[in-house]
Amino acid sequence: MGGITTLATTALPLANAVADTVDRVSGTSDSARRQQAADERRYAYQAEQQRLQWQREDELRRQDQELQRQKEEQARAEAERQRSREMDWLAQSQNLAAEQLRAGQAATLADKEGDARTRLAQMSAAAQSDERRRVDALRRTVARTRATLGSNGVSAADGSGEAILLGVVKDSAAERGEAEGTDRLKREAIQQEVDSVRRRNLLEQAQLAERQRLEFMSRFY
């Protein structure tokens, strides 16, 4: 009995110590699990907060990008409207310049044509006056020649008399031909002056159109 009592006395404290140790280990294990669970919840919360933060940042970036895109689109639209206004203004300005050029040219041409008509009318009147003068002079010359031939006993129907009269007529005809030739050259010169103005007008219009085309292309293309 004494041995059993001693054994029991020795075993009970040992068992109690083991039980205490098991309880402490079990308690420590539960505490670690709770801490781990808490840490995991904290990490999960932090991860969720980070994800939400990134999501907000992404949304802000997207909004900023959309706002920037809208601003750029508005700027492009305004630039295009401004370009269109400038194109219209330049086209109107160029059309006005072309109209003013044509109006000035038309006035100059009308003056030149009016001057040409006046000069041609004066030339026609002078030519008619000269023709009447030549006819009158020829008649007087023929009459004087006939009288001279008659006083000398020569008939105008004779060969020599007829030759003299034909010579007088030929001289008058030659004078008429020379006058008509001179008159024709003067008329051609006047017409050339008018044609020169027309050609110059066309050239100036073509040059202006080319300058305007180059100006338009250089500014807008």
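## Aromatic rings at the end of a helix

Y221 is exposed, with a relative accessibility of 62%. That value comes from a predicted model. R83 lies over the face of the Y221 ring, 5.3 Å from the ring centre.

Buried or exposed: what is F216? F216 is buried, because its relative accessible area is 18% and the cut-off for buried is under 20%. F220 is buried as well, at 8% relative accessibility.

A pair of aromatic rings is described by the distance of the centres and the angle of the planes. The table gives these values.

| Pair | Centre to centre | Angle between planes | Class |
|---|---|---|---|
| F216 and F220 | 5.1 Å | 55° | tilted |
| F216 and Y221 | 6.3 Å | 40° | tilted |

F216 takes part in the pair with F220 and in the pair with Y221.

Helix 2 covers residues 159-220 and also holds Q212. Q212 is buried, because its relative accessible area is 13%, and buried means under 20%. What does Q212 touch, leaving out residues up to four places away in sequence? Its contacts are Q94, A97 and A98.

Conventions: Residues numbered from 1 in each chain as written. Predicted model: local features only at pLDDT ≥ 70, side-chain atom pairs only at ≥ 80, totals over all residues. Heavy atoms only, no water. Helix = DSSP H or I, 4+ residues; strand = E, 2+ residues; numbered from the N terminus. Buried < 20%, exposed > 50% of the residue type's maximum accessible area, 1.4 Å probe, protein only. Contact = heavy atoms within 4.5 Å. Phe/Tyr/Trp six-rings, centres within 6.5 Å; stacked < 30°, edge-to-face > 60°. Lys NZ or Arg CZ within 6 Å of the ring centre and 35° of its normal.
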